[in-house]
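Subject: Handing over the structure

Hi,

Here is the structure I promised to pass on to you. Have a look at it first, and then read on for what turned up.

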Amino acid sequence: MASLKVAFVVAVLYMVVVSAHMAHARINCGRVAVAVSPCLGYLRRGGRPQARCCNGVRNLHALAKTTVDRRTACNCLKTFARGLGRGVNANNAAALPRKCRVNIPYKISISTNCNTIR
């Protein structure tokens, strides 16, 4: 459990550094991490996402108005998932938008090619 927390902190720090290179986007990896951090329980164990989780997903979706923003959010989510490693259930991550009733234009997966998002 402690190693999972360390991995999360490392992932968030990495996202903040990466986001500095994407200054032209309204969305950065720090903002993505804050938005989805209430989703960690759901991403690990499944079930029903908490209201705070879905609110974060909705807010993130509302901010992602441009192609650059959507690609940035996608890349940040991939980085976030990689940082947590085995702690995230890939099926839970992919189902999160649907469970929160948010329609995003890509699958949340480490295999998603974020460069194809419009």
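Cys54 and Cys100 are joined by a disulfide, with an S to S distance of 2.1 Å. Please keep in mind that this is a predicted model, so every value here is computed. The torsion about the S-S bond is -75 degrees, which makes the link of Cys54 and Cys100 left-handed. Cys54 sits in helix α4 and Cys100 in the segment after α6, so the bond ties together parts that are 46 residues apart in sequence. Is Cys54 buried or exposed? Its relative accessibility is 7%, so Cys54 counts as buried, the cut-off being under 20%. Cys100 is buried as well, with a relative accessible area of 1%.

**The other disulfides**

How many disulfides are there by this rule? The count comes to four. As a reminder, a disulfide is a covalent bond between the sulfur atoms of two cysteines.

One of them links Cys29 to Cys76, with 2.0 Å from S to S. Cys29 belongs to helix α2 (residues 29–36) and Cys76 to helix α5 (residues 67–84), so this pair ties together parts that are 47 residues apart in sequence. The link of Cys29 and Cys76 is left-handed, with -85 degrees about the S-S bond. Both Cys29 and Cys76 are buried.

Another disulfide is formed by Cys39 and Cys53, whose sulfur atoms are 2.0 Å apart. Which hand does the disulfide of Cys39 and Cys53 have? Its torsion about the S-S bond is about 100 degrees, so the disulfide is right-handed. Cys39 lies in the loop between α2 and α3, while Cys53 lies in helix α4, so the pair ties together parts that are 14 residues apart in sequence. Cys39 is buried, with a relative accessible area of 0%, and Cys53 is buried with a relative accessible area of 0% too.

If you count the bonded cysteines along the chain, the disulfides follow the pattern 1-6, 2-3, 4-7, 5-8.

**Helix α6 and its surroundings**

Helix α6 covers residues 90–99, and its buried residues are Asn92, Ala93, Ala95, Leu96 and Pro97. What do these buried residues pack against? They pack against α3 (40–45) and α4 (51–63).

At its start, a side-chain oxygen of Asn89 comes to within 2.8 Å of the backbone nitrogen of Asn91. After α6 comes Arg101, which has a positive phi, near 60 degrees.

**A residue on helix α4**

Arg52 has 57% relative accessibility, so it counts as exposed, for which the cut-off is over 50%. The C-alpha atoms of Arg52 and Ala35 are separated by 8.7 Å, and these two residues are 17 residues apart along the chain.

**Cavities**

Rolling a probe the size of a water molecule over the atoms shows where empty space is left. By this rule, the count comes to two cavities of 30 Å³ or more. The largest cavity has a volume of about 130 Å³. Which residues lie nearest the centre of the largest cavity? They are Leu60, His61, Leu77, Ile104 and Tyr106, out of 14 residues that line it. The elements giving two or more residues to that lining are α4, α5 and α6.

**The chain as a whole**

Stepping back, the chain has six helices and zero strands, and along the sequence its pattern reads α-α-α-α-α-α. There are 118 residues in the chain, and 47% of them count as buried. Take the contacts between residues at least 6 apart in sequence: 77% of these join residues at least 24 apart. The chain exposes about 6,900 Å², and carbon and sulfur atoms supply 55% of that area.

Enjoy looking around, and write back whenever you like.

Best wishes

Key: Residues are numbered from 1 along each chain as its sequence is written. This is a predicted model: local features need pLDDT of at least 70, side-chain atom pairs count only at pLDDT 80 or more; totals for chains, interfaces and linings use all residues. Side-chain values use heavy atoms; hydrogens and water are left out. Buried means under 20% relative accessible area, exposed over 50%, partly exposed in between (1.4 Å probe, protein chains only). Helices (H or I, at least four residues) and strands (E, at least two) are DSSP runs, numbered from the N terminus. Contact means heavy atoms within 4.5 Å. A polar contact is a pair of N or O atoms within 3.5 Å; within protein, one must be able to donate a hydrogen and the other to accept it, and residues adjacent in sequence count only if both atoms are side-chain atoms. A disulfide is a pair of cysteine sulfur atoms within 2.5 Å. Accessible areas come from the Shrake-Rupley method with a 1.4 Å probe; for residues, only the protein chains shown count as cover. On a 1 Å grid over the protein atoms alone, a cavity is a set of points where a 1.4 Å probe fits but cannot get out, and a pocket is an open set with protein on both sides within 12 Å along at least five of seven lines; lining residues have an atom within 4 Å of a point. Grid points are joined across faces, edges and corners, and a volume is the space filled by probe spheres set on the points.
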